[in-house]
Amino acid sequence: MKIATYNINGINRRLPNLMDWLADAAPDVVCLQELKATQKQFPATALADAGYGAVWLGESSWNGVAILARGAEPVLTRNELPGDSADKQARYIEAAVNGVLVASLYAPNGNPQPGPKFAYKLAWTERLLGHAAELFETGLPVVLAGDYNIVPEPRDMYETTSYRDNALVQPASRALFGQLLEQGWTDAIRTLYPTETVYTFWDYMRNRWPRNAGLRLDHLLLSQDLSKQLASGGVDRDVRGQPGASDHAPTWIVLD
């Protein structure tokens, strides 16, 4: 099973990019983030014509998450992150696909920090920790995939001081990601590439794509049983360089 996460940064604007990648890469499951489309604006028909069933949670202008399944219909199990009934931002969706429970998540950016947006980022990630712990304890095969908006370690970004005050690299943010791993989740890409520099995001500003000035923001965390089935994975970097591309590249793994 090939599972990918891809912050599409506007699904309708970048639908041709998505369709080309789906045809080339043929992932079995795709977790999408930052749809920037309402529930009715989601291109379900076009994706079905391409062979993908889908569940999605839309939001006007911002956020939005989805799960696609090739030749199958994902079975929706949850469309919100528990812990705050007042939080209506479309950032979490969960579905069962061919015996695996898959979550697509889009964590808050948190900038500027300090401030209310950073406080929301930390609170949201704390809620993710609580839910993740419950999922891990079930013993089910689970993948938590998405844009975590956290650079886990200094080696996960290019050498710079420009991000010194950025919410993505703050000790509090990194500590929360570390707590996820302490629960027992496996960071699939770092496991596959223990010493290499791996980026999944290149900002549009300051020529960062041509300079390869990237960050690793997109992660696939695996439950204990699935970590034993991890066979391969990578980042489809070339997709980032295409005309009209998202500032993220698809990140994927294969479970044996």
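Reader: How far apart are the mean positions of the positive and negative charges?
Author: In this predicted model, the mean positions of the 23 positive and 29 negative charges lie 7 Å apart.

Reader: And the surface, how much of that belongs to carbon and sulfur?
Author: Carbon and sulfur atoms hold 51% of an accessible surface of about 10900 Å².

Reader: What share of the residues is buried?
Author: Of the 256 residues in the protein, 55% are buried.

Reader: Secondary structure next. How many helices and strands?
Author: The protein has 7 helices and 12 strands. Its radius of gyration is 17 Å, close to the 18 Å from the globule rule for 256 residues, so the protein is as compact as a globular protein of that length.

Reader: What box do the C-alpha atoms fill?
Author: Roughly 45 × 45 × 40 Å, along the principal axes.

Reader: Contacts: what percentage comes from residues 24 or more positions apart?
Author: Among contacts with a separation of 6 or more, such pairs account for 70%.

Reader: Back to the strands. What is the order in the sheet of 6 strands?
Author: The order is β5-β6-β7-β8-β10-β9; the sheet is open and its pairing is mixed.

Reader: Which strands stand at the edges, and why is one side of each left without a neighbour?
Author: β5 (75–78) and β9 (186–187) are the edge strands; each has a single partner strand, so one side of each has no neighbour in the sheet.

Reader: How do β8 and β10 run, parallel or antiparallel?
Author: Antiparallel, with 5 bridges joining β8 (residues 142–147) to β10 (residues 218–222).

Reader: Which residue in β10 is the bridge partner of aspartate 147?
Author: Another aspartate, aspartate 218.

Note on methods. Residues numbered from 1 in each chain as written. Predicted model: local features only at pLDDT ≥ 70, side-chain atom pairs only at ≥ 80, totals over all residues. Heavy atoms only, no water. Helix = DSSP H or I, 4+ residues; strand = E, 2+ residues; numbered from the N terminus. Rg over C-alpha atoms; globule rule 2.2 N^0.38 Å. Buried < 20%, exposed > 50% of the residue type's maximum accessible area, 1.4 Å probe, protein only. Contact = heavy atoms within 4.5 Å. Areas by Shrake-Rupley, 256 points an atom, 1.4 Å probe, with all protein chains shown as cover. Lys, Arg positive; Asp, Glu negative; His and termini not counted. Charge placed at Lys NZ, Arg CZ, Asp CG, Glu CD. Pairing = 2+ DSSP bridges.
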